[in-house]
Amino acid sequence: MNKNNLKKSLDRKIGEKPLFTNADRERFYEWKQNANHKKRRFTAFPKVVSALFFICLVSGFIYYAGSDNPFQQPLPPEQSADKENQEQNESNNPIDYSSKVNPRSEEIKEDFSYDLTLQEAKSLFGKYGEGLTYDKTNKSTGKTNLTSEFVYFKSDEFDHMKNMSIGKEDFQQGNLGILFQITWKNENELQSAMLTYLSKNGERIVTEKFTSYGYFEGKDQERVQLKYTLDMQGLVLESIGESINKNPESLTKDDLQEVETLKIDASESSGIYDVKGNLEHFSSMSQLTSLTLNQAIIPEHLLEVIPNLDNMTFIGPTLNDLSSVSASLDKITYLDIKESSFRGNAEDIMELENLEIVILDKSTVTDWEKLEQNGITVLENPPSN
């Protein structure tokens with residue numbers, strides 16, 4: 001079969017017109033172009049989604065890192081303020097007050113006694129914390145006293161040294177929780193003590209003082225008598241006890257009425273002893289007629305309420321003239337100023353209207369004859385009994 005016959009035979013079967021026309025070709029190319037465009041859009045979409053997911057992941061991590069607890073619900077305003085105040089107080093006072101400072105300070109106060117010796121104090125208070133004992137110089141007065149310092153709840157970084165200044169910031173920063181200081185007259189005699197710590201809210205320093213005359217001055221400056229039943233200074237009560245032969249720690253107000261002669265001798269103490277007390281106690285000494293002050297001074301308002309005081313003796317560097325006590329001594333008949341620092345004259349002494357006998361140093365009171373001319377007996381030594 002030749003080519004022409006074969007072509008005619010095929011045309012009869014499938015038709016003479018072409019099956020794939022130019023229009024078909026154009027439609028094919030148009031479809032192919034649209035298909036490529038859709039494919040590009042489809043493949044770009046996952047990339048965009050991945051980028052967004054990565055950005056969200058990074059943002060979430062940054063938020064989480066900057067928050068203590070990002071899943072916790074925010075506190076109401078009042079609770080937030082309470083929490084802020086609590087956190088501030090805790091930061092100001094890193095040594096826990098309730099569980100450490102307060103219980104330990106109470107233990108120290110319970111163990112404290114005026115009868116402690118240096119060695120006993122070291123053993124007693126050293127069991128709580130680190131202690132130093134040395135001759136400490138007071139920067140304001142220049143005086144040096146034997147001092148024991150005990151620190152409690154000390155941090156590892158805090159180096160407790162002699163003569164160091166310990167301030168409020170040391171307590172707030174947690175360097176130590178409590179400082180307990182004892183000042184000694186000598187190794188066997190305690191002079192005073194002071195307990196120092198930070199207040200519960202961390203805003204101020206609290207000092208509680210134990211004084212040699214038997215008082216404890218508390219955190220709000222209240223005074224509590226620790227050593228004696230009667231609310232008077234230790235040396236005064238000891239002098240009263242010696243006068244009437246009774247234990248000074250058990251003296252009562254009724255015992256004051258038995259005192260006839262009283263000598264307050266502070267010659268062994270450092271400095272001048274300042275007698276203090278309330279009017280009621282001194283006015284209760286109704287039988288007291290003779291009072292001697294050795295290196296001690298007493299305010300005029302206490303002297304004048306002693307109802308029957310008749311004899312007065314001053315010893316030591318406490319009396320340059322009588323101007324500070326003359327009004328309260330206008331009832332006395334006997335005055336001994338020979339061993340005092342009196343540097344006045346006869347006119348000064350004659351201010352005491354009821355004075356009958358005066359003991360003095362005639363080389364000091366050079367015009368003493370004026371006293372005799374006014375009916376006052378002048379002696380250089382006390383009359384023998």
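The model is a predicted one. Its protein chain has 11 helices and 15 strands, and 36% of its 385 residues count as buried. As for how the chain folds back on itself, take the contacts between residues at least 6 apart in sequence: 42% of them join residues at least 24 apart.

S12 has pairing partners in S10 and S13. With S10 (residues 290-294) the pairing is parallel and runs over 5 bridges; here Thr 292 stands opposite Thr 313 of S12. With S13 (residues 334-336) the pairing is again parallel, this time through 3 bridges, and Asn 311 faces Tyr 334 of S13 across it. As a general point, side chains in a regular strand alternate between the two faces of the sheet.

Now for the rings. The structure contains 3 aromatic pairs. In one of them, Phe 112 and Phe 180 have ring centres 6.4 Å apart and planes at 85°, and since edge-to-face means over 60 degrees, the pair falls in that class. Phe 112 sits in the loop between helix H4 (97-111) and helix H5 (118-126), while Phe 180 belongs to strand S3 (residues 178-186), so this pair ties together parts that are 68 residues apart in sequence. Both partners are tucked away: Phe 112 has 9% relative accessibility and so counts as buried, and Phe 180, at 0%, counts as buried too.

Phe 125 and Phe 150 make another pair, with centres 5.9 Å apart and planes at 55°, so this one is tilted. It also links distant parts of the chain, with Phe 125 in helix H5 and Phe 150 in strand S2 (residues 144-152), 25 residues apart. Phe 125 and Phe 150 are both buried. Put together, ring pairs link Phe 112, Phe 125, Phe 150 and Phe 180 into a cluster.

One further ring contact involves a charge. The charged end of Lys 362 sits over the ring of Trp 368, at 3.9 Å from the ring centre.

Definitions and conventions:
Residues numbered from 1 in each chain as written. Predicted model: local features only at pLDDT ≥ 70, side-chain atom pairs only at ≥ 80, totals over all residues. Heavy atoms only, no water. Pairing = 2+ DSSP bridges. Helix = DSSP H or I, 4+ residues; strand = E, 2+ residues; numbered from the N terminus. Phe/Tyr/Trp six-rings, centres within 6.5 Å; stacked < 30°, edge-to-face > 60°. Buried < 20%, exposed > 50% of the residue type's maximum accessible area, 1.4 Å probe, protein only. Lys NZ or Arg CZ within 6 Å of the ring centre and 35° of its normal. Contact = heavy atoms within 4.5 Å.
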